[in-house]
Amino acid sequence: MIEILPYEEARDFEPIISSCKKENWLKFYTTKKELFRQALKTSESYVAFVDGEYAGFTRCITDRHFTIYCCEIIVDEPFRRRGVGKMLMKAVCDKYPTCAMDVISDNDDFYAANGFKVLANGMRQF
């Protein structure tokens, strides 16, 4: 059974950090770890459990009316291709039904399989 719960720091932070390490998302568990901790608390963050075991998370930001931006989503390898990622995104979208969700992807196949379409190129100022 897949269960999606709102983020709770005491329960979820260390498993999320473990997920980031597995994906080599270095800044989230080294130089910016404490900033990431704060971001998880102030964003729309959800955690997935499969049969009571941590399976992954998502963190999104939203204006609550038009747009949800999915900042991060990780489903740990043993739980992929079971609908966990889809349910994480659905939890946020269900909370804000008037919003569209935007992502910047390094896994286009996952998003395409979940109804996302390429709209344009993204840019970022560094």
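**Notebook: salt bridges and pockets**

I looked up Arg11 and found that, at 30% relative accessibility, Arg11 counts as partly exposed, because that class lies between buried (under 20% relative accessible area) and exposed (over 50%), with a 1.4 Å probe and protein chains only. I note that this is a predicted model, in which local features need pLDDT of at least 70 and side-chain atom pairs count only at pLDDT 80 or more, while totals for chains, interfaces and linings use all residues. Residues are numbered from 1 along each chain as its sequence is written, and side-chain values use heavy atoms, with hydrogens and water left out.

**Entry: salt bridges**

I took a salt bridge as a side-chain nitrogen of Lys or Arg within 4 Å of a carboxyl oxygen of Asp or Glu. The whole structure holds eleven salt bridges. In one of them Arg11 meets Glu8 (3.7 Å, N to O); Glu8 is partly exposed at 44%.

I then examined Arg37, whose salt bridge with Glu9 has its closest N and O atoms 2.7 Å apart. Arg37 lies in helix α3 and Glu9 in helix α1 (residues 9-22), so the pair ties together parts 28 residues apart in sequence. Helices are DSSP runs (H or I, at least four residues), strands likewise (E, at least two), numbered from the N terminus. Arg37 is buried at 18%, whereas Glu9 is partly exposed at 27%. A network of salt bridges links Glu9, Glu34, Arg37 and Lys41.

**Entry: Glu72**

I found Glu72 in strand β4, buried at 7% relative accessibility. The Glu72 side chain makes a polar contact with the side chain of Arg59 at 2.7 Å; such a contact is a pair of N or O atoms within 3.5 Å, where within protein one must be able to donate a hydrogen and the other to accept it, and residues adjacent in sequence count only if both atoms are side-chain atoms.

**Entry: largest pocket**

I recorded a volume of about 1,000 Å³ for the largest pocket, a volume being the space filled by probe spheres set on grid points joined across faces, edges and corners. A pocket is an open set of points on a 1 Å grid over the protein atoms alone, where a 1.4 Å probe fits, with protein on both sides within 12 Å along at least five of seven lines; lining residues have an atom within 4 Å of a point. The lining has 33 residues, with Trp25, Ile73, Asp106, Asn107 and Tyr111 nearest the centre. Strand β4 gives the most, seven residues.
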